[in-house]
Amino acid sequence: MMLAIENLMNEHQLILKYIDLMERYTRHINPAVLFAKADSFIDFIHQFADDFHHAKEEDILFRYLEVPNVLTHCNPIPQMWHEHNKARAIVEDMENAVLNHQLTMLVVAIHQYAKLLQEHIYKEDNILYPMAERSLSDAAKTSLLNDFVETDMRLDSASIWQKYQTLYTELSDYLNEAV
Ligand SMILES: [Fe+2]
Ligand SMILES: [Fe+2]
């Protein structure tokens, strides 16, 4: 498997962990618990899922796949773009719900985000990424990996990972201790 794809799939695993945790928060009997940490979840989505992960997909992977004649049979990229934009719109709903202290609106937005991203990640892991492995030339794969390495360095991937793994533990502990 291409190293760049492995890298994206690892990021998916952390996004899925956060989604599960966020869903567990929505099931807590006391809504104050969810409101106390909603900003932290939104921060993760902005910084990790969107600016870090989606940006790498959009600015690098999609760009390589959009080169004419790379994808010969079907092109799932427009649908992937659409889902990224839909995810961004749902996060705006979450932010508005937090601002206006609207519990139902917040919970609905979280469920929508969870469902959208779980399905999106499934499609990428099982359809888009294998397609990239099959369709890209060896030269394109090498160049793509260089772009990934450059971006990971520029965005300081190591500290982003450390920050959000630490935050995950904090959020998980907070929920376990909440009564
Ligand atoms: Fe994506
Ligand atoms: Fe992705």
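1. Start with Asp156, in the loop between α5 and α6 (157–177). This is a predicted model. The phi of Asp156 is near 55°, a positive value in a residue other than glycine. Most residues other than glycine have a negative phi. Asp156 has 12 C-beta neighbours inside 10 Å, so it counts as exposed. The cut-off for exposed is 12 or fewer.

2. Asn69 also deserves a look. Asn69 sits in the loop between α2 and α3. Its phi is positive, about 75°, although Asn69 is not a glycine. Asn69 counts as exposed because it has 6 C-beta neighbours inside 10 Å.

3. A further backbone angle to check is at His101. His101 follows α3 and has a positive phi, near 55°.

4. Next, helix packing. Two packed helices are described by the angle between their axes and the distance between the axes. For helix α2 (residues 31–65) and helix α5 (residues 138–154), the axes come within 10 Å and cross at roughly 170°. Angles over 145 degrees count as roughly antiparallel, so α2 is roughly antiparallel to α5.

5. Which residues make the contact of α2 with α5? From α2 come Lys56, Ile60 and Tyr64. They meet Ala140, Leu144, Asp147, Phe148 and Thr151 of α5. By class, the contact has five nonpolar residues, one polar and two charged. An α-helix has 3.6 residues a turn, so residues three or four places apart point the same way.

6. Now the geometry of helix α4 (residues 103–135). Helix α4 has 33 residues. From first C-alpha to last, α4 reaches 45 Å, close to the 48 Å expected at 1.5 Å a residue. There is a bend in α4 of about 40° at Glu124.

7. Where α4 bends, at Glu124, the residue is also buried. Other buried residues of α4 include Leu106, Ala109, Ile110, Tyr113, Leu117, His120 and Ile121. Leu128, Tyr129 and Ala132 are buried in α4 as well. Among the elements covering the buried residues of α4 are α1 (3–26), α2 and α3 (77–99).

8. Does the span of α3 agree or disagree with 1.5 Å a residue? The 23 residues of α3 should span 33 Å. The end C-alpha atoms of α3 are 33 Å apart, which agrees.

9. Finally, burial in α3. Met80, His84, Ile90, Met94 and Ala97 are its buried residues. The cover over the buried residues of α3 includes α2 and α4.

Definitions and conventions. Residues are numbered from 1 along each chain as its sequence is written. Chains are lettered from A and ligands numbered from 1 in the order in which they are written. This is a predicted model: local features need pLDDT of at least 70, side-chain atom pairs count only at pLDDT 80 or more; totals for chains, interfaces and linings use all residues. Axes are lines fitted to C-alpha atoms, for helices over the stretch in contact, and angles run from 0 to 180 degrees between N-to-C directions. Helices (H or I, at least four residues) and strands (E, at least two) are DSSP runs, numbered from the N terminus. Angles under 35 degrees count as roughly parallel, over 145 as roughly antiparallel, 65 to 115 as roughly perpendicular and the rest as oblique. Two residues are in contact if their C-beta atoms, placed from the backbone, lie within 7 Å. Ala, Val, Leu, Ile, Met, Phe, Trp, Tyr, Cys and Pro count as nonpolar, Asp, Glu, Lys and Arg as charged, and the others, Gly among them, as polar. The expected span of a helix is 1.5 Å times one less than its number of residues. The bend at a residue is the angle between axes fitted to the seven residues ending there and the seven starting there. A residue is buried if 20 or more other C-beta atoms lie within 10 Å of its own, exposed if 12 or fewer, and partly exposed in between; C-beta atoms are placed from the backbone.
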